[in-house]
Amino acid sequence: MLRFLVRRLALALVTLWLLSVIVFLASHALPGDVGRRILGPFADPRSVATLDHALGVDRPLLVQYATWIGGFLHADLGTSLSFHVPVADLLGRGLLNSLKLGLVAFAMVVPLGLLGGIVAALRRGGPADRLITVVGLSATVVPEFVSSIVLILVFGVLLRLLPVTAQAPPDADPLTQLYHLVLPALPLVLVLFGYIARITRAGVVEALDADYTRTAVLKGLSWRTVIVRHVLRNALMPTIAVVATQVGYLIGGLVVIEVMFNYQGLGQLLFTSAQQKDFPLLQASVMTVGVVYLTATLLADIAYSLVNPRIRLGGAE
Amino acid sequence: MDRESQRRLDAIRRRRTDLENNAIDELLLGRVSRRQFVRAGTVLGLSLPTLNAILAACSASSSGTTSGGQVKKGGRITIGHQTPSGAMDPLLTADLGRLTILGLAGEYLAFSDRDLKLRPVLAESWSPNGDGSVWTFKIRQGVKFNDGSPMSVDDVVATFNRLADPTIHGNNALSNFAGVLTKGNVTRVDASTVKFQLDGPNGNFPYLVSSDNYNAIILPASYSGNWDKTFIGTGPWKMTSYSVNQSVSFQRSPYYWDSTNVPPLDGIDIRFYADEQPAILAFQAGSLNMLSFFSVRTGQALLTDPNTTVIDIQTTSHRQVHMRTDQPPFDSKLVRQALAYAVDRQSLISGLWNGKAQIGNDHPIFKMFPSSDPSVAQRPYDVSKAKSLMAQAGKAAGFGVTLYTEQVGEIPDLAALVQAAGKAIGITINLNVTDSGTYYDKYWLDSPLGITDYGHRGVPNTFLAAPLLGGKLGTWNAAHFDDPDYDALFKDYVKAIDLSAQRAATGKIEQLLLDQTPLIIPYNYDALTAVKKNLVGVETTGMGHLNLRRAGLTS
């Protein structure tokens, strides 16, 4: 198990290094000049050149990369070019906000998706199966900005049941914060429910048809024991992998949701920093999403290996 | 005018300067409206009571702009506002997101209101020398910053010498002061008087130190940056918390100098929105008492909402369609005129702005400027004339060209409509629409045809200078327009102090620009603010300031 973990960790570090190279090169490929973005379109070209020099963005790319990654390794994320505040301050707040929203969405959609998938598989071909599959699929294909507007109009403007802004007032207690995050989490539930339910359904259907399930039933085990101990244990493995891959999206990919619900998460931070060519902020945000994503997949690997001993023992490779 | 009115007017006129009497003559002769007279009078330093006395003597009445309603003491309001595009710093501010916030915490020497009149704020009065090259301002005494420290003449002197300093990175005020005011030429005369020695005569200088200049809030002489930690200023509001990109909260400043105008509200919470749609939804859902500014395109529903008061004010914000005059195909003025005649402005105004815009006449001296010349005819929509101009220019077969512009507001739609106008007269226009940063970086000043956004100004000086002057002063001259006659007329306009002299120049400028057509200016559009019915006393300006000193909740 330890060897498995070390190997996964080493792979994660290599992935992060590759990500750092890609994000560095990609951010420098964005059109426009950093000094110009900071000083505005009407600034004198000499001021722009002086500022570019002061910021060091006119140095060779390799030197800039070495300086940046060196600072990164020493936990110095630099200062935002646009907002003149430490990147760590903005990033810390953004990450915390994204984690909160991600967690609420996760807590809502995972049980719902699993339950939907299991019910659909157990009632295969019946009305419940069809309903769950069709509703799930339909909800998945509705773009987030459409579902967000509809939900805001219904629950926020017409019924006035839920706040339309995800950001709770400062010093709000956890329950109030949760109250503010329910509506923004709903479009995510709509997007992910069908996906998780479908994967779960497929896994459960496959497990139900498997020989070991038939054996368990013939052994005379109760239906409940067969489902929990034999079917779900095997059926949930692909679901765990799918759920883990959604973590990166839930933490760093919610630009639309964050804009629609006026929430300062990582998604908006990424979007704004890319728009404004705020390199330190952009690069640190991408790296943070990378770390979150790799941590989630690592945790999923561990969970997967606990459910499936072949993985941790190297049998699957 | 009856004898008594004449007697009162004569008494007032005896105490006035030649310039001020000239303005009164303009009013009596009917060459300026009451509104234009008040505005011109405020520039010359006439106090509002004096202006009202003159208007009363001339049997004209003055009207206020405040909203009605029984305001209760106390309470807080929440405002949805555009996210600031950068660090909160008065020196760097170049966008609405930051400007509005500056104007809540800070104050200017004068406030340029919705009618383009100047109201004294931190300056009590001002006056020019004979040719308008030296302006002297009397500074209000007893004013305190929102940290309790007193404001003095030295703070005013330091603020303006700082704003005229070309060595400060990103010093945005240079767009107003370059060629007008040199660092070191703002000096203290005595404990209540400041003198501005200008680089040359300038009849509209008070506007450049008013709220029309984004950056000109008065800061302490010792200010050295990090404004976002303190939000220091002399305004009625004191910052209590600020979260970058998220929100800022203010409470009523206990040190506010104007005891007769203490705000009824206890505080203001401002939430920043990166996009307009969610702000409008939050306003409709009741999360916001006010939406500082919204566009017709996104906020159509608010215009007919019975629970919403929409404050609609005319501004000089506009779009400029530039055509490069120094290279084919737009080096012929006939071709430029042809495209201008092919644009159906009334359709643009109704289609893109739902009527909330005023027709433009291809020069930036908009009708709301008192110095505009009403005798200059409006360019009509005339496709057959456009076609004949194309034929005269030898371009009857048409040509192809690319129009470059930015993804801002309705501009992409305007670009498509200009494309359609071109098609009607044989010009095939390809569109290249990029984000704003890329447009300004790569295309703005080098494109054969482009569309650029211009924000509101209280006087046309900036519009007439940077986008149209030849040589070094034409820093935003995307049309590469270079006409010595125009440059000479511009100089005449700038140094003119009284309205009739300004009009003598603007009439010629308007005719020249209509003839040469380096720019198509199809419209100038209104600023819209949405306010819940129970919030009254809100004052907005074309520049984007929110005056909330008299704002309060009714119940």
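Mentor: Start with Asp362(B). This is a predicted model. Asp362(B) counts as buried because its relative accessibility is 1%, and the cut-off for buried is under 20%. Its backbone deserves a look too. Phi is positive, at about 65°, although Asp362(B) is not a glycine. Most residues other than glycine have a negative phi. Asp362(B) sits in a loop of chain B, between strand 14 (357-359) and helix 14 (383-392).

Now compare Thr517(B). Thr517(B) is not a glycine, yet its phi is positive as well, at about 50°. It lies in the loop that runs from helix 19 (499-516) to strand 18 (519-520) of chain B. Thr517(B) has a relative accessible area of 0%, so it is buried.

One more backbone feature belongs here. Most peptide bonds are trans. The bond that joins Pro328(B) and Pro329(B) is cis, with omega at about 5°. Pro329(B) is placed in the loop between strand 13 (318-323) and helix 12 (333-342) of chain B.

Next, the sheet. Four strands of chain B form an open sheet in the order 4-5-7-6, and the pairing is antiparallel. Strand 4 (123-128) and strand 6 (186-190) are the edges, each pairing on one side only. From one strand to the next, the twist averages 25°. Look at the join between strand 5 (residues 134-139) and strand 7 (residues 193-197) of chain B: five bridges link these antiparallel strands. Val134(B), for one, has Gln197(B) in strand 7 as its bridge partner.

Two helices lie across these strands. Helix 6 (residues 153-163) of chain B lies across strand 5, strand 6 and strand 7, and runs at about 165° to strand 6.

Stay with helix 6 for the rings. Over all chains, the count of aromatic pairs comes to 26. Take Phe160(B) and Phe196(B): their ring centres are 5.2 Å apart and their planes stand at 75°, so the pair is edge-to-face. Phe160(B) is in helix 6 and Phe196(B) is in strand 7 of chain B, so to speak a link between distant parts of the chain, 36 residues apart. Both Phe160(B) and Phe196(B) are buried. They also belong to one aromatic cluster, together with Trp126(B), Phe137(B), Phe177(B) and Phe205(B).

Rings in chain B meet charges as well. Arg379(B) lies over the face of Tyr341(B), 4.9 Å from the ring centre. Lys532(B) places its charged end over the ring of Phe283(B), at 4.1 Å from the centre.

Finally, turn to chain A. Chain A has 14 helices and zero strands. Its C-alpha trace spans about 85 × 55 × 35 Å along the principal axes. Of the 317 residues in chain A, 46% are buried. Consider contacts in chain A between residues at least 6 apart in sequence: 71% of these join residues at least 24 apart. The accessible surface of chain A is about 15,700 Å², and carbon and sulfur atoms hold 71% of that surface.

Definitions and conventions:
Residues numbered from 1 in each chain as written. Chains lettered and ligands numbered in written order. Predicted model: local features only at pLDDT ≥ 70, side-chain atom pairs only at ≥ 80, totals over all residues. Heavy atoms only, no water. Buried < 20%, exposed > 50% of the residue type's maximum accessible area, 1.4 Å probe, protein only. Pairing = 2+ DSSP bridges. Axes fitted to C-alpha atoms, helices over the stretch in contact; angles between N-to-C directions. Contact = heavy atoms within 4.5 Å. Phe/Tyr/Trp six-rings, centres within 6.5 Å; stacked < 30°, edge-to-face > 60°. Lys NZ or Arg CZ within 6 Å of the ring centre and 35° of its normal. Areas by Shrake-Rupley, 256 points an atom, 1.4 Å probe, with all protein chains shown as cover.
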